[in-house]
Amino acid sequence: MIELKHVSKSYAQGILALRDVTLSIGDGELVFLAGPSGAGKSTLLRLIAGLEKPTSGTVVMNGQRIDQLTASSLPYLRRKLGLILQGQGLLNDRSVLANVMLPMIVVGESVQEAEIRAYAALERLNMSDKAHTSPLALSGGEQQRVAIARAIVNRPQIILADEPTAYLDRDNAVIVVNALRAFQRSGVTCIISSHDEQFLDQANRVIYLNKGEVVDSWTSGQPATEMQPIHA
Ligand SMILES: Nc1ncnc2c1ncn2[C@@H]1O[C@H](COP(=O)(O)OP(=O)(O)O)[C@@H](O)[C@H]1O
Ligand SMILES: [Mg+2]
């Protein structure tokens, strides 16, 4: 369970990125954060990830105050989270496999275990045949699938994905959304931001932001049937 209460976030120059946001997200939900560019979607995801602190208000995840986390408890939070954030691209100086192993190495897993799990994660995204290639040799859609594999390798309870379908053609976007839905069906909470409204009916719930405020929120219960790529 993730709960935000009266969360505001202001940046320098008086920019109010979020204003008085109160919401809660239950375990196992697939939630889309929608709204135009500048609405505050990325800021909201960074606050939930503990990457930034709110100016006021509280962020609680499974009873833990994320807004009060100390540097020493951040790695523990990280293990529960799979992050697919903008500007956190793949490292081009190492293989796809090494990229996916990295989050496990960082938390002190053995190389052997990291490799086994990284392969399994790549397999789930149909990318294991590219394990030993450079990210530079992949298409945008393939790179995004590797980024998802990297996010799930630690078996997170919660996946936070910021515009995971941006810059992808529709077929690749469908593959990415379907992969995230598959994780949600296996019990993982997924919070996905998108300014692209074609996927909203895939969510259990849509939270619509505008100018830093939640202006609408609706529940669609069970998502519609899985979308099919056009050129499958
Ligand atoms: N690090 C930052 N410093 C200053 N302003 C920021 C920063 N991050 C975001 N903002 C501003 O906060 C507002 C919300 O941004 P953002 O959360 O990125 O929106 P979205 O992801 O919905 O496009 C925008 O006005 C943006 O310019
Ligand atoms: Mg954004």
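Helices and strands are here DSSP runs, numbered from the N terminus. All views show a predicted model.

**View 1. Helix H6 on the sheet of six strands.** Helix H6, residues 170-185, lies across strands E3, E7 and E8. The direction of H6 makes about 155 degrees with that of E8. The sheet to which these strands belong is open and is ordered E6-E7-E8-E3-E9-E10, with mixed pairing.

View 2. Strand E6 (81-84) and strand E10 (213-219) are the edge strands, and each of them pairs on one side only. On average, neighbouring strands of this sheet are turned by 15 degrees against each other, direction ignored. Helix H5, which spans residues 140-152, packs on the sheet and touches E6 as well as strand E7 (158-162). H5 runs at about 160 degrees to E6.

**View 3. The pairing of strands E3 and E8.** Strands of a sheet pair through backbone hydrogen bonds, in either a parallel or an antiparallel manner. Strand E3 (residues 30-34) pairs with strand E8 (residues 189-194) in the parallel sense, over five bridges. Leu33 has Ser193 of E8 as its bridge partner.

**View 4. The sheet of four strands.** This open sheet has the order E2-E1-E4-E5, and its pairing is antiparallel. Strand E2 (16-25) and strand E5 (64-65) each have a single partner strand, so one side of each is left without a neighbour in the sheet. Strand E1, residues 2-10, and strand E4, residues 56-61, run antiparallel and are joined by five bridges. Lys5 has Thr58 of E4 as its bridge partner.

**View 5. The crossing of helices H3 and H4.** Two packed helices are described by the angle between their axes and by the distance between those axes. For helix H3 (residues 96-106) and helix H4 (residues 111-124), the axes come within 8 Å and cross at roughly 125 degrees. The two helices are therefore oblique to each other. Their crossing is right-handed.

**View 6. Residues in the contact of H3 with H4.** From H3, the contact is made by Leu97, Val100, Met101, Met104 and Ile105. From H4, Val111, Glu113, Ala114, Glu115, Arg117, Ala118, Ala121 and Leu122 take part. By class, the residues of this contact comprise ten nonpolar, no polar and three charged.

Notes. Residues numbered from 1 in each chain as written. Chains lettered and ligands numbered in written order. Predicted model: local features only at pLDDT ≥ 70, side-chain atom pairs only at ≥ 80, totals over all residues. Axes fitted to C-alpha atoms, helices over the stretch in contact; angles between N-to-C directions. Parallel < 35°, antiparallel > 145°, perpendicular 65-115°, else oblique. Left-handed = near helix turned anticlockwise from the far one by under 90°. Contact = placed C-beta atoms within 7 Å. Nonpolar A, V, L, I, M, F, W, Y, C, P; charged D, E, K, R; others polar. Pairing = 2+ DSSP bridges.
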